[in-house]
Amino acid sequence: VLALMTLAPAALPAASLSFLEAQQVALSQSRQLVAQDAAIASAREMAVAAGERPDPMLSIGIENLPVNGSDRFSMTRDFMTMRKIAIAQEFTRSDKLDLRRERQQREAEVADAGKGLVRSEILRSSGKAWLTSYYLQERRALLQEQLQQARQQLVASEASYRGGRASQADTINTRGEILLLEDQLQDMDRQLSQARSALARWVGDDQSRQPLIGKPDFDRTHLDVGDLESHLARHPDLIMQERRIALADTDARLADANKQADWTAELSYAQRGSAFSDMVSVGVSLPLQWDQARRQNRELAARQAQVEQARAERDDML
C-alpha cells in the first residue's frame, strides 16, 4: 500500500524530502535493481547459446603404435599404425534445442519478476522508513512546543508565587512536568536518530537529515478495492510464482524430451606408412538408455513434482 500512495499537490522547498522523493531516491540508488538487471541480461544471453548445437569435437592421435619388437615406436613399418585426425558432431534434436532456449527465457522472466519484487520491497521499506521518521519528527515538534509552554508556565507560576497569588506546590508541579517532558524529549531524540539511520539506508546520510514534509494523502491510492481480483493478478509475489510455474513446466517438458537420445556422427582420416593405404572411417554413436525406468523416467517424475510444488505454493500464497 505504501508503494501506491500519491502525494497531495504542494509547493515543497528545495532542502526537504517528501515521501515520493524518498522512494525515488531509494530506487535510483539501489544496487539490488542493478543486480537484477544483470541477472536478466545473463539469462537472455544464455537463451541464445542454449539454442545452439554443441561445438564439433576435433581429435588427433596415433593408433596401434608398436611398443616392442623390431618395429617398436615406428609409425611407418607396421600396417596397423595410423596417424588419425577426426571430427565429431553431436546432432541435438531441434525440439530439445527449442526447449533449452525456452528454459533460459523462462529464467529471464523469473529474474524480471524478481526485479519487480525487489522494486516493491524498496518502495515499501523506504516508504515505511520515511513515515516512521516523519511522525517521530512531528511528535518531537509537538513535544518541544509543550516543553516551551511548560517553561513559560513555570515563569508565570514563580511570578505568581512571589506575588502571593499561587502556592509553592504549583511551581513544584510545573517543574516536575518540565523534567518529565525533557526526559520524553531525550527519548524522542533517540528514537528519531534511529529512524533517520534506517531512512539513510535507502536515501543516504545527507538526504535523511533534511526536513521531511509533504505527508502522502492516505485517502488516494491506485488500489481499487472493488476490483481486488485483478489487482491480485498483478501482485509481484504472485507474478513471481506464475513465472516459477512456467519454468518448472519447461523443465518437465525438457526432461520428457531427454528420453529421446541425441546421436553423434564422426568422420576420421588415418594416415599409414607409405607402403600402405590411408584409411577413412565414418561412424555414428547413440547413447543406450537401457534403464529409463530408473533414470530418465525418474527425472521426468521429479520435474513434474516440482511443477505441482510451484502450483501449490502459488495457490497457498493467493
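How many aromatic pairs does the structure hold? Five. Rings of Phe, Tyr and Trp (its six-membered ring) count as a pair if their centres lie within 6.5 Å; planes under 30 degrees apart are stacked, over 60 edge-to-face, and the rest tilted.

Take Phe-19 and Trp-130. Their ring centres are 5.6 Å apart and their planes stand at 80 degrees, so this pair is edge-to-face. The pair links distant parts of the chain: Phe-19 is in helix H1 (residues 19-29), Trp-130 is in helix H3 (residues 94-162), and 111 residues separate them.

A quick word on provenance. This is a predicted model, where local features need pLDDT of at least 70, side-chain atom pairs count only at pLDDT 80 or more, and totals for chains, interfaces and linings use all residues. Residues are numbered from 1 along each chain as its sequence is written, and side-chain values use heavy atoms, with hydrogens and water left out. Helices (H or I, at least four residues) and strands (E, at least two) are DSSP runs, numbered from the N terminus.

Buried or exposed? Phe-19 has 1% relative accessibility, so it counts as buried. Trp-130 is at 0%, and therefore buried. The cut-offs: buried is under 20% relative accessible area, exposed over 50%, partly exposed in between, with a 1.4 Å probe and protein chains only.

Next pair: Phe-79 and Phe-276. This one is tilted, at 6.4 Å centre to centre and 55 degrees between the planes. Phe-79 is partly exposed at 47%. Phe-276 is partly exposed at 27%.

Back to the cluster. Ring pairs join Phe-19, Trp-130, Tyr-134 and Tyr-135.

The charged end of Arg-201 sits over the ring of Trp-202, 3.9 Å from its centre. That label needs NZ of Lys or CZ of Arg within 6 Å of the ring centre and within 35 degrees of the ring normal.

Now helix H8, residues 296-317. H8 has 22 residues and reaches 32 Å from first C-alpha to last, close to the 32 Å expected at 1.5 Å a residue. The expected span is 1.5 Å times one less than the number of residues.

Which residues of H8 are buried? Gln-296, Leu-300, Val-307 and Ala-310. Down the axis of H8, the buried residues fall within an arc of 80 degrees, so they line one face. That arc uses directions from the helix axis to the C-beta atoms. They pack against helix H7 (236-257), where contact means heavy atoms within 4.5 Å. The face turned away carries exposed Arg-298, Asp-315 and Asp-316.
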